[in-house]
Protein chains: 6
Amino acid sequence: MAKKVITFGEVMMRLSPPGYEKFAQASSFELVYGGGEANVAISCAYLGMKAAHVTRFPDNALGKAATQFLRKHWLSTEHVIYGDDMMGKYFLEKGAVHRPSEVVYEREGSSFSLIEPSMVNWEDVLKDADWFHWTGITPAISEGAAMCCLDAIKTANKLGITVSGDINSRSNMWKYGKTMQEVIPDLVQNCDVVITSSRGIREMFGLGQPEDKFQSLAKQLINLFPNIKKVVKKTRRPISASHHQIQGKMWNGEAYIKAEMLNITHIIDRVGTGDAFAAGLIYGLLHYDDEKALDFASAACALKHTVPGDVNLVSLENVLSLMEGDTSGAIRR
Amino acid sequence: MAKKVITFGEVMMRLSPPGYEKFAQASSFELVYGGGEANVAISCAYLGMKAAHVTRFPDNALGKAATQFLRKHWLSTEHVIYGDDMMGKYFLEKGAVHRPSEVVYEREGSSFSLIEPSMVNWEDVLKDADWFHWTGITPAISEGAAMCCLDAIKTANKLGITVSGDINSRSNMWKYGKTMQEVIPDLVQNCDVVITSSRGIREMFGLGQPEDKFQSLAKQLINLFPNIKKVVKKTRRPISASHHQIQGKMWNGEAYIKAEMLNITHIIDRVGTGDAFAAGLIYGLLHYDDEKALDFASAACALKHTVPGDVNLVSLENVLSLMEGDTSGAIRR
Amino acid sequence: MAKKVITFGEVMMRLSPPGYEKFAQASSFELVYGGGEANVAISCAYLGMKAAHVTRFPDNALGKAATQFLRKHWLSTEHVIYGDDMMGKYFLEKGAVHRPSEVVYEREGSSFSLIEPSMVNWEDVLKDADWFHWTGITPAISEGAAMCCLDAIKTANKLGITVSGDINSRSNMWKYGKTMQEVIPDLVQNCDVVITSSRGIREMFGLGQPEDKFQSLAKQLINLFPNIKKVVKKTRRPISASHHQIQGKMWNGEAYIKAEMLNITHIIDRVGTGDAFAAGLIYGLLHYDDEKALDFASAACALKHTVPGDVNLVSLENVLSLMEGDTSGAIRR
Amino acid sequence: MAKKVITFGEVMMRLSPPGYEKFAQASSFELVYGGGEANVAISCAYLGMKAAHVTRFPDNALGKAATQFLRKHWLSTEHVIYGDDMMGKYFLEKGAVHRPSEVVYEREGSSFSLIEPSMVNWEDVLKDADWFHWTGITPAISEGAAMCCLDAIKTANKLGITVSGDINSRSNMWKYGKTMQEVIPDLVQNCDVVITSSRGIREMFGLGQPEDKFQSLAKQLINLFPNIKKVVKKTRRPISASHHQIQGKMWNGEAYIKAEMLNITHIIDRVGTGDAFAAGLIYGLLHYDDEKALDFASAACALKHTVPGDVNLVSLENVLSLMEGDTSGAIRR
Amino acid sequence: MAKKVITFGEVMMRLSPPGYEKFAQASSFELVYGGGEANVAISCAYLGMKAAHVTRFPDNALGKAATQFLRKHWLSTEHVIYGDDMMGKYFLEKGAVHRPSEVVYEREGSSFSLIEPSMVNWEDVLKDADWFHWTGITPAISEGAAMCCLDAIKTANKLGITVSGDINSRSNMWKYGKTMQEVIPDLVQNCDVVITSSRGIREMFGLGQPEDKFQSLAKQLINLFPNIKKVVKKTRRPISASHHQIQGKMWNGEAYIKAEMLNITHIIDRVGTGDAFAAGLIYGLLHYDDEKALDFASAACALKHTVPGDVNLVSLENVLSLMEGDTSGAIRR
Amino acid sequence: MAKKVITFGEVMMRLSPPGYEKFAQASSFELVYGGGEANVAISCAYLGMKAAHVTRFPDNALGKAATQFLRKHWLSTEHVIYGDDMMGKYFLEKGAVHRPSEVVYEREGSSFSLIEPSMVNWEDVLKDADWFHWTGITPAISEGAAMCCLDAIKTANKLGITVSGDINSRSNMWKYGKTMQEVIPDLVQNCDVVITSSRGIREMFGLGQPEDKFQSLAKQLINLFPNIKKVVKKTRRPISASHHQIQGKMWNGEAYIKAEMLNITHIIDRVGTGDAFAAGLIYGLLHYDDEKALDFASAACALKHTVPGDVNLVSLENVLSLMEGDTSGAIRR
């Protein structure tokens, strides 16, 4: 019986000039949709899990089209809410080699940002789920979104559902009057799995001495919030915009585990690779031991770099094959 | 020496599915830019006039790209202002036959809507202009936009520049706390040329008895605001979404003039056809007598229906040829 | 509470050269999916009903992609079966004016044609449905498909679910050893609503004298199979490949009803217009009286001619507006 | 045994903005190839004849690609000559309704214009042909082209091959120092079939009184050049750029024949429709009597208006079906 | 005088999502055609040879379009046979880095698979040829195809034409009741040049001890079939799906020759690279000594990786330049 | 106050098959415009300078469209001249790895080549400029172009405007009767900055002993023309068509400066990279010291390899970031 994951967060329309065109050159935009949490849900669905996403879209043809994108990629959308009239959006200009990708967000005042806790019945949403996943972007969007997220986590705790949070330190996203230091700890303390970075642990929780590295910081975080079982990070080393190295690391309370470093030498689309890592981690922790789960997450993340769009559409076979060391990309017939 | 027109108003990014695709089918959007007033300026530029547009765009790569669209289509953009970070937008799904086109706007909170009078030096902008044109959309957007528009009209009056306004009655656009009845009259009273409709005259100015037709309403409007010299309307009779008839009419204080009715049997893009009419009227009144000006405006309007995008890119020769009765569309080699 | 329709039949990959290119010119194909019955289900879904489709696809990435198309267009796909490895296909070259569209089918040996009755549990599929719809194409494909279809109809009868069949006389499709005259009557006799043509009634059931018209033939069909309540036809008069007239007609056992004739003057895509009619009829009969239902079906059919692809994506509002006589296609903002 | 036609003339690269875009909007060009005479050959090939085209292309990758276009469309290209380095070109902006299509030529100094009579061995080229076709464009291009054309006609006469010429009066094309009045008569006098217009007969041969119509002018032309057996014209009446009427007329020395007038209500591409007429006439005269041949030519011409590109890709069946009066464009499955 | 090669085998329609899209994302397919043997013929034609391909296509517009593809790429298609109605097809999803390309075949029951020996007159086909080439795919398709292939080889032997075979061990392709071990030896024993692999020699002919390498296996194969003059293999080492190394090796009965290993660091399309190698080998053996021929084959193979589609469109100059060591890819003006 | 640069030279229409298609595969061309000198001007404009370009285009819709391209990319086009009727053109087929890009020029007889000195009023053009830039291509095109260029340089000298020339040795471009050795020295002697190569100095000026390297040759050039202050070269080492190394070098009369070598590992478009270097150098010398200017030029050049089209659209921030050593291409949000 397939495991079921629930995710919650904004899904944005992504508009990008074709190929490597710059904004100044575009006469059309390629259209996909993405958002950290929905990306995780879709990725899990392609790996064979059941997945549903909770979000809020404008009550118009654009909101419907966004829902259709989620449905197409195998998500249950029965808990999508419609209201207000602005779709969150981001514009992506794809870089290469030394030229950075450029992202312009337009998400202020979006339908999702106007969500209120009363709009979601979490008991109903989570009733047959195995896992709930959120990211640090959601509580940064609005107070309503943060409160919704907190409700979800508390309900999950009550129902005995595993909770993971992927939280990075992006202080410039917090514009509605609260700081991440005020909001994030309440959300994190009831998580089972936290994906973050050394800088994240320092800045969000005020932990760590200057010389502390990730393993030490992760221990301190678990000391602070003993409900957390695993602290995970994904290290990315960009050789250029076209070539990255990535490596997963985990402190599980007992051991410090490192996955193999993977080279992605010809990047197609790096957006959503962190979400692919999170999805791989969820799938991995539900099906394997910690070491294998981390390898699985790293392989899933590496493969996402080769898929255009925000979401990781690779299959379980693809991930397993890379995880077992086949980096040849030989044709499958 | 070419005459110069100045226009003022919002320019939106226009995103539309290719061909006749519905929003539910789109995996890309065609990207152009448009706005009633800039459409007029560009159309005038293609007819051979000098033209500059005043607007406000986000201070980012998208705002720059919008400016580049105006420059490409021959406008002076030295008076474009940059600030804030949201681009006004509209999404257009193109209809056909009995299926209506669908438009979704996203312009609330746009950079343009946050414009303030102090941001534009109208004396400088208008110093060598022959004509200033505005539309009723601008004062509906925000109080700042309305005040800017009023400043522009007053400055034009002071400098002896002809002013035209294209004002329709769209009460549902007025959301910032003032009604069109409160704001529009002040703007209209100092115009030389008003393009409107019978319904517009009734609703915006409270004029007319139930039995009054356009000619009578136009007279009443001039009685009310004696500065107005000409009241013009463009009648559109839609046979279907693919076939329209259009006809220009004018009361010039002395005579009631009607242009020939024109059939557009295979519409390519009907957005911006009213703006093409206004541009044709401006060009016509600057170069011909009233009758010929109205014929010119009607012909320009008819031709716009065959040009994809918001803006009328046809040449003076095209308009003259149709105005002189050549409806054959014979190949020009 | 939305009504639910279940449909059953093959869904084919549709490959067509862009625009009006001929096969000899194509260097790419536009890809959509379609099939008479699924088209009906999707159309019902866009009108606001619940809809599920039962079919069989190859057990590979192409079969999955076909399912994703159905999901995107709001269908439940939990009853899709996977097996074997050939996707049914058709190639469509779009005609215009005097040039006919050309269709090349490749459906022999498809996964669907290899379906067996044991593969579908109709009690489960139909358990909460209000309507079951099939077409005469399905029993022509293979004996297994015909038997499946018969099972479905019988189960629907047992569960008290309304059954409609859209059956035309295409003797050249019957290649597996049985004739339509042998197979169709058994399927039709337990239907509530039959959509067919005069020629269909003559050829499939051997009814009618040479001088008999549709009304008389419809009566004879009901005499033969008293379970049938309504016999409906859609008359199409092609002025050219670009301009058709369509009109719905119905004998409901008591009255002979004709909808207004509708002109479609600029056809975008005529494939699936019969299915749009059927969907409109189902929606109409579930919500209105017979006359209004027939008007609704005709309007839905007319609108489909303006939508690219096999499926009718127009909204309830669009159909109601045309049904109420608004043929102007005015922009909806 | 299929009949064989040989044609001679320039083939140009045709570059056109997608859809109805104007030159000012294009960021890409659609690429096809065309030229009056090659268009005739290709059209004949699609009707089932053998066909070869003689031309001269630059000796580079672009010249090769042009040859490949001819090969793809079934022509023999063994007599294509390569040399010099400029490809003839034309740019086409497609009009609609009242907006004319615009054509910009760039053919001065092209490889074809530099052709010399010594480059073609007409005895070899024409050895197994049934028909030779040329147009009045070729002798207008350069003295070398005119001399080549004369050689071809003389050789065809010697070998007993039927010769047709499609000659219009385009005095502005003649730039190399000779006038059409000096050159054309020598070429025409040895033709069997001449396609031209009343104006053409007047201007090129100085025939006719002001009141003379086509029939009378055609008689005078045959009086002047008794070798001519048939004089044919195609009348085009443009209702708009999107809707034309066409009608074929012929004086065969004995009778004045008119084909039915055909309406093309939704034009896709009108370039090459005259060539489609000529090809239809050649096929018709080789297979039918004069009346049927003219009907066939008219039907072929009408159908070309629905095919994008310069060349008529319709089949014999398509033409026969329209010629027999089926204007419905019903789908062929 | 250019040498002439004849090839025989199935040509499939190749349908692939644009760029790096996965099947789940595609809304269009890019359309080319390919098949191991035709790829060789086309490649030879681009190198300057004469080339004809023998195959069988459905007797419909799709079969004609496939033929047109071959004609466009310079092949003689006079021996193409038409019959039945299914086009062989394959769907290709392009991978990158660690993500493998995915291929889905649909070729069962294709027109080619239904070919019968009586349909081809090999004496006529081969009468002026210098070389005949086949691959191990053809006899795997059907008994008819295998028998046709055997006839071709025997006729070539009789006419003194050199025969090459490119045979790999793909046992899963053999579905019609015979095994490759039963069929292949008869075909191979009359070949002059065999391209294969160590595994191929072991599995198809039962040769070799576990420790035997390619040189030894090649000797054993020649011992078994003394008519064979050269046994060749192309070693491919995939670093990733985007970066391969390839190297040609040959045992010519006297010496063991190795070409330089070539790095292809940014693969565009790896399909058909083996065929490019075979074509290079044929060209090389017809024009150079064995060492140079192998270098030529390797260079041709390397270049194909940079050409989209199945077929190698590079010129003789391109291959010679790389063969002579210029790996810079400097612009040719 | 932004500095202003003036450039002079031909702008060509650039037509290239999409992606990595070869000419033999193209059914469309991507359309941009480019020319060495205009590329420099546009690049300077994107870096924040004022820039105007002087050129001559055909007096038709294509010439207008070319001007619009320059306007879109921020250039002043008030000094563009229109006349005659041929647009200069080049066709570009993009290579990869070992496959070279192929370029076909068609510029003979272009409107620009027919320019005459009397057509430009250089005093007016240059009146408020800070820098004038030309390249060695211009004097190679025609005597008129060479004379125009000389006038420009002399006027710049008179007005005290800095002059830079980018001159390479392309003797095969010189076809109008003069050699580069006759023409170039007069142009170079009044330049302040010369970008060239060792081979250029040898061949154009007859300087150098066989053993002399760039530093020595540069000194000799300054000895010959003491007005020259800096001699600069850009070394390019192509690893393959997809991977280049570039490095800037300068002799400024006192020191020999080398910028860091930069690797461009995944080239998108290498056309115009030399122009990007020149633009970077101009910007650099106007704002920084020589060392930093050379670093800036090298970074600008490296970044251009990642931008499709002829022109470098990167921002000042992009160049500064790379110049300061950030080669990671991290996403900018």
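Residues are numbered from 1 along each chain as its sequence is written, while chains are lettered from A and ligands numbered from 1 in the order in which they are written. Because the model is predicted, local features need pLDDT of at least 70 and side-chain atom pairs count only at pLDDT 80 or more, whereas totals for chains, interfaces and linings use all residues.

Let us begin with confidence. The model scores ipTM 0.95 and pTM 0.96. Chain A has a mean pLDDT of 96, with 100% of its residues at 70 or more; pLDDT is the predictor's confidence in each residue, from 0 to 100.

Now look at chains A and B together. Eight strands make an open sheet, in the order 8(A)-7(A)-2(A)-3(A)-3(B)-2(B)-7(B)-8(B), with mixed pairing. Helices (H or I, at least four residues) and strands (E, at least two) are DSSP runs, numbered from the N terminus, and two strands pair if DSSP finds at least two bridges between them. Strands of a sheet pair through backbone hydrogen bonds, either parallel or antiparallel. At the edges stand strand 8 (102-106) of chain A and strand 8 (102-106) of chain B; each has a single partner strand, so one side of each is left without a neighbour in the sheet. On average, neighbouring strands of this sheet are turned by 30° against each other, direction ignored.

Strand 3 (residues 28-34) of chain A pairs with strand 3 (residues 28-34) of chain B in the antiparallel sense over three bridges. There, A:Phe29 has B:Phe29 as its bridge partner. Helix 2 (residues 61-72) of chain A packs on the sheet, where it touches strand 2 (12-16) and strand 3 of chain A as well as strand 7 (89-93) and strand 8 of chain B. The direction of this helix makes about 95° with that of strand 8 of chain B. For such angles, axes are lines fitted to C-alpha atoms, for helices over the stretch in contact, and angles run from 0 to 180 degrees between N-to-C directions. Two residues are in contact if their C-beta atoms, placed from the backbone, lie within 7 Å.

Within chain C, strand 2 (residues 12-16) and strand 7 (residues 89-93) pair in the parallel sense over three bridges, and C:Leu15 stands opposite C:Phe91.

How does chain F meet chain A? In this contact, 22 residues of chain F touch 21 residues of chain A. Helix 10 (290-304) and helix 11 (316-323) of chain F each supply at least two residues of the side that touches chain A. By class, that side of chain F has eleven nonpolar, nine polar and two charged residues; Ala, Val, Leu, Ile, Met, Phe, Trp, Tyr, Cys and Pro count as nonpolar, Asp, Glu, Lys and Arg as charged, and the others, Gly among them, as polar. Only 5% of the interface residues of chain F are also interface residues in chain A, so the copies meet through different surfaces.

A rotation of 120° with 0.0 Å of shift along its axis superposes chain F on chain A, with an RMSD of 0.0 Å. The two copies are thus related as by a three-fold rotation axis. Copies are superposed by least squares on the C-alpha atoms of residues with pLDDT of at least 70 in both. Among the residues of chain F, F:His266 comes closest to the rotation axis, at 4.6 Å (C-alpha).

Inside chain F, eleven of the eleven residues of helix 1 (residues 36-46) are buried, so this helix is largely enclosed by the rest of the structure. A residue is buried if 20 or more other C-beta atoms lie within 10 Å of its own, exposed if 12 or fewer, and partly exposed in between, with C-beta atoms placed from the backbone. After helix 1 of chain F comes F:Gly48, whose phi is positive, near 115°. Further along, nine bridges join strand 12 of chain F to strand 13 (residues 243-251), and the two run antiparallel. A hairpin joins these strands of chain F through two residues.

Finally, consider two backbone details. Most residues other than glycine have a negative phi. B:Trp74, although not a glycine, has a positive phi of about 75°, and F:Val97 has a positive phi near 50°. F:Val97 lies in the loop between strand 7 (89-93) and strand 8 (102-106) of chain F.
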